[in-house]
Amino acid sequence: MLEIKEIKQMLLRTESSKLYLADYPEMLRQKVLGSPALQPMLAEIRAEAEALLATAIPELSYTLFRIYFERGTRMEYETAYFNRRNRLRTFGLLAWLEPDNLVLRDALCDTLWAVCDEYTWCVPAHLAGEAENDPALPEGSIAAGKEVPAATIDLFSAETAFALAELLHLHGDNLPQLVRKRVISEVLHRVLIPFTERSFFWEESKHNWAAVCAGSVGAAALYILDNAEDTAVVLARVLPAMDSFLSGYPADGACTEGYGYWQYGFGFYVYFADLLKTRTGGALDLLAEPKIRQIAMFQQKAFLDGCHTVSFSDTRTVAGVFMGLSHYLHARFEEVDIPSRSYEAAYMEDHCYRWASSLRNLIWQHGETEGQPWRPAPYYLPEAQWLISRHESQGRRFVFAAKGGHNDEPHNHNDVGNFILFAEGTTLLADMGSGQYTSGYFGPERYNILCNASFGHSVPIINGMAQSPGGQHRAADVQMESGEQTETFSLDLAQVYADNSLLRLKRRFTWTKTSQPVLMLEDSYQFASPPQSVTERFITPLKPRVEEDAVILSSDQAALRIVFDNKLLAPEIQELQHKAHRGRLVTFYALDFAVIRMEQNMKLSLRFELSGG
């Protein structure tokens, strides 16, 4: 762990150098404006700016603020809150690209002023039990001779500080001095001073909070603080938090929180690492850690095809990629694939409208690089116990993905043994991905919610019981073998169920890659005594059609034929409603094969035959 004195010396050696990404705003501006590849995104930004100029800055009222604490719902307040962040990034980007446009500059200044007026930069969901929600908060703004700092630094207050600090640096003297002074004061008193005066739980977190919060605080300090001593004090706290974040990644580089949290948490790790490296003249290079190369390569393993994600844990089933981050990582690690530009995230895709990623999606892209589709390949991540196998035959693309792991992963779903089948742009057997975030979603009700419970995944139901949460409920005896045309993935699921009579549940997948791929699933059960019921459950977005000894799932693009023994298994179909991340209702179907005759030892087999439409 570096001492403050060591960090200070590194900063002093480069203090007078122009090293920040925004130290050459005119050069960057011309690079962005002159890039043909960036013109579609610039058109999106201009269209959004025009729409925002026609509307007023939304009010963050007490009525909105209290809704989360009374109802547990987040969208009411957060819709208005993130509208403001959208205005901040949109006017911030476009006013920088068009510095002579006074309408845009005034809109940016009004937004900066409004953000400085906010009661808190945190969202209510992150304030439960904190001082900003405490009626005992001392009245007045002066105590012990100084302003009372806000008690909490959450993801969004830290991000706001980063955004404001970088905006000031990027725009320079094109912003009025009064606005600049007020922004600096608010960043100091809401984030940087509180960070030096108390500790925060996320400093020891092993997930996205550590990187986003600490990285944003560190970035704000690099931009705002004007002397090496103060900056070193902040960085001495930030660096261990970044180490903690990194320790949450296994050696295989998998983000078990899901792809979206790789893009978010690791993205902010990289944003800060880049600023820190340039500010210290390369003396502090967080991307030199050996594990980083594997983490950087996770993105190319985390997609089924196109923008369809391997949607284990809390991630969206469809997501665009950040081309700026992708190009930056490829420049650092040649093994990182640059994805096809057709996969690029739209400007409005991020509903939190983050400044840091939006700016870098412009300035980090190498416009001449087109990129390639995700390559057909099997990827096995042994620590996470994820297998993703992409196969292409006669121009058609098929994917099988499965996971082991345990039921206490970050953003955990009870889903050990779950799998996905995908063909020609169609998800045939699905993982629902993340649900709508509410107070219950991260509370005691979490595993009563369909997408988080094993009932919402393609795993067995034993004696009517779902899988149990907790790190002790994990896959055992996990094995993967890969050949030229076949992958075999097997694991014992007995420990993930709390049924003491279940002695063994060996699930074995055999994925054969031909012109019409076949997945064989074998579940071998051993009980202490015959069970009351066993159901093989599969989740699909397509309405199943039952035949005598097969079930058909089909779309215009692809089809799946599930062959079963009708003397052993009886198919049943149940319609399910899933509330997705932004509250949209999505219909899925549970395809259940109930075991007809219970025995102490049973071996059940199903054959999944894939084809193009």
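A pocket, on a 1 Å grid over the protein atoms alone, is an open set of points with protein on both sides within 12 Å along at least five of seven lines, and its lining residues have an atom within 4 Å of a point. This is a predicted model, in which local features need pLDDT of at least 70 and side-chain atom pairs count only at pLDDT 80 or more, whereas totals for chains, interfaces and linings use all residues. Residues are numbered from 1 along each chain as its sequence is written, and side-chain values use heavy atoms, with hydrogens and water left out.

**View 1. The largest pocket has a volume of about 1200 Å³, a volume being the space filled by probe spheres set on grid points that are joined across faces, edges and corners.** Among its 50 lining residues, Tyr 261, His 411, Tyr 437, Phe 442 and His 581 are the closest to the centre. The helix α11 contributes the most to this lining, with 7 residues, where helices are DSSP runs (H or I, at least four residues) numbered from the N terminus.

**View 2. The second largest pocket has a volume of about 540 Å³.** Of the 27 residues that line this pocket, Arg 316, Thr 317, Val 318, Ala 580 and Arg 584 are the closest to its centre.

**View 3. The largest cavity holds about 130 Å³ of space, a cavity being a set of points where a 1.4 Å probe fits but cannot get out.** This cavity is lined by 16 residues, and Glu 159, Thr 160, Ala 163, Arg 354 and Trp 355 lie nearest its centre. The elements α5, α7 and α14 (355-363) each give two or more residues to the lining.
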